[in-house]
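Please read them with the structure open beside you.

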Amino acid sequence: MRLHRNLCFATVDGLLLIFNEGYYADKVVQQLLKRDKRWGSRDRGFVAETTYDIVRWKRLYAEIAEVKEPFSRDDIWRMFAVWATLKGITLPDWKYFENTPTRKIKGRFDELSKVRKIKESFPDWMDELAAKELGDAVWDKEATALNQQADVILRVNTLKTTKEKLKADLFDLDIETEDIKGYPDALKLKERANVFTTEAFQNGHFEVQDASSQLVAEYLDVEPGMRVIDTCAGAGGKTLHLASIMQNKGQIIALDIYANKLKELKRRAKRNGAHNIEPRHIESTKVIKKLYDKADRVLIDAPCSGLGVLRRNPDAKWKMQPEFIDRIKNTQAEILSTYSRMVKSGGKLVYATCSILPSENQEQVEKFLASEHGKDFSLVKDNKILSHETGYDGFYMALLEKK
């Protein structure tokens with residue numbers, strides 16, 4: 001591979017914003033990709049993937065390059081040189097790469113690779129916490145899996161098309177997909193492609209949604225005609241999936257504390273042809289109380305650490321602080337206790353997170369079942385999904401039934 005100056009400059013500029021200014025990687029990459037209209041898909045792919053790669057391996061590359069935060073522009077170039085050397089890319093004779101100790105880089109990589117938290121590039125506290133909760137043997141494998149680039153997975157919108165039809169439509173655009181066993185509505189892209197520009201996407205024939213995330217709506221055991229409440233609906237990935245499983249029949253009340261997310265959900269629902277969704281903004285506890293004992297099914301896709309989705313959000317490793325985990329666990333317990341009251345007798349509830357930590361998952365469910373509000377519920381089943389076992393995001397879901 002030959003390095004092109006303008007693409008490397010863009011990457012370095014982006015990394016300075018992400019590391020030093022605290023910008024979100026996905027937002028920075030979005031902006032970088034608009035930088036030069038002449039760039040083709042390969043150029044944009046290089047900028048996006050290289051930026052994410054260096055974010056993902058920040059700790060390892062910084063230790064090899066012997067640089068510390070806050071990084072200067074020269075520091076970022078040194079990390080870039082480490083990235084290129086380890087990828088086997090020949091460095092051009094630019095001033096930024098003068099005196100790059102290629103041999104030493106490889107030696108330091110071998111030496112530092114003996115320490116998991118450096119080799120897999122995790123902050124000390126995160127490595128310790130995950131090892132304590134999952135055990136070293138499991139965390140060794142999971143840490144490696146969470147550093148792999150995530151596949152692009154589509155969820156077919158069965159309100160508008162079939163899996164076979166969508167497959168054929170995309171194939172006509174040279175986008176090849178394959179089924180995934182055990183995921184009825186999922187198609188995996190054989191090669192990465194910008195699917196958002198396709199007519200099929202604009203007409204609402206699919207959404208991009210990880211395979212693990214697609215299991216959550218299925219887990220809720222909904223049927224057409226039911227009254228379902230999605231309590232932390234956000235922009236509505238799982239809400240839209242519920243609408244398609246329910247064949248647009250019945251009612252889905254989509255709640256969230258963020259009005260702007262519900263606005264986005266409305267837009268997506270229109271594109272998807274999902275007519276049974278009613279967004280409601282949680283402006284006060286009244287909104288919740290009005291719904292006590294009213295729902296056949298309740299989905300709590302709880303806010304969490306997001307440690308199961310680090311493959312797509314690698315910068316979260318560096319943004320998150322240990323105090324956040326404690327705070328979010330309190331929020332989860334509170335939400336479970338309050339929102340569970342919307343389930344009517346004989347109804348069901350799914351508690352889900354995109355975390356791999358038992359303290360956010362099965363331990364929260366156990367605590368809830370032992371509490372005053374949880375005593376009428378029983379655990380039907382739960383599913384702990386780890387990336388190293390499935391190749392998809394880490395997730396947890398528990399199905400509870402109310403007497």
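1. In this predicted model, Asp315 and Lys319 are paired through their side chains in a salt bridge, with an N to O distance of 3.8 Å. Elsewhere, salt bridges with shared partners bring Arg59, Glu63, Lys117 and Asp124 together into one network.

2. The count of salt bridges comes to 36, and one of particular interest for the fold of the chain is that between Asp210 and Arg311, whose closest N and O atoms are 3.3 Å apart. Asp210 sits in the loop between strand 4 (206-208) and helix 12 (211-219), while Arg311 belongs to the loop between strand 8 (295-301) and helix 16 (316-319), so this pair ties together parts that lie 101 residues apart in sequence. Asp210 counts as buried, at 8% relative accessibility, and Arg311 likewise counts as buried, at 4%.

3. Arg311 also forms a salt bridge with Asp393, at 2.8 Å from N to O. This pair again links distant parts of the chain, since Asp393 is placed in the loop between helix 19 (387-390) and strand 11 (395-402), 82 residues away from Arg311. Both Arg311 and Asp393 are buried.

4. Which residues carry the "binding site" feature in UniProt? The record, an unreviewed entry, places that feature at Asp256 and Asp301.

5. Asp256 lies in strand 6, which covers residues 251-256, and it counts as buried at 7% relative accessibility. Leaving out residues up to four places away in sequence, Asp256 touches a set of residues including Thr231, Cys232, Gly234, Lys261, Arg280 and His281. Ala233 is also among these contacts, and the side chain of Asp256 reaches the backbone nitrogen of Ala233 at 3.5 Å.

6. Asp301, the other annotated position, is found in strand 8. When neighbours within four places in sequence are set aside, Asp301 is in contact with Cys232, Lys238 and Ala352; Cys232 is likewise among the residues that Asp256 touches. With Lys238, the contact of Asp301 is a polar one between side chains, at 2.9 Å.

How values were computed: Residues are numbered from 1 along each chain as its sequence is written. This is a predicted model: local features need pLDDT of at least 70, side-chain atom pairs count only at pLDDT 80 or more; totals for chains, interfaces and linings use all residues. Side-chain values use heavy atoms; hydrogens and water are left out. A salt bridge is a side-chain nitrogen of Lys or Arg within 4 Å of a carboxyl oxygen of Asp or Glu. Helices (H or I, at least four residues) and strands (E, at least two) are DSSP runs, numbered from the N terminus. Buried means under 20% relative accessible area, exposed over 50%, partly exposed in between (1.4 Å probe, protein chains only). UniProt positions are given in the numbering used here, feature names are shortened, and annotations may be inferred rather than shown by experiment. Contact means heavy atoms within 4.5 Å. A polar contact is a pair of N or O atoms within 3.5 Å; within protein, one must be able to donate a hydrogen and the other to accept it, and residues adjacent in sequence count only if both atoms are side-chain atoms.
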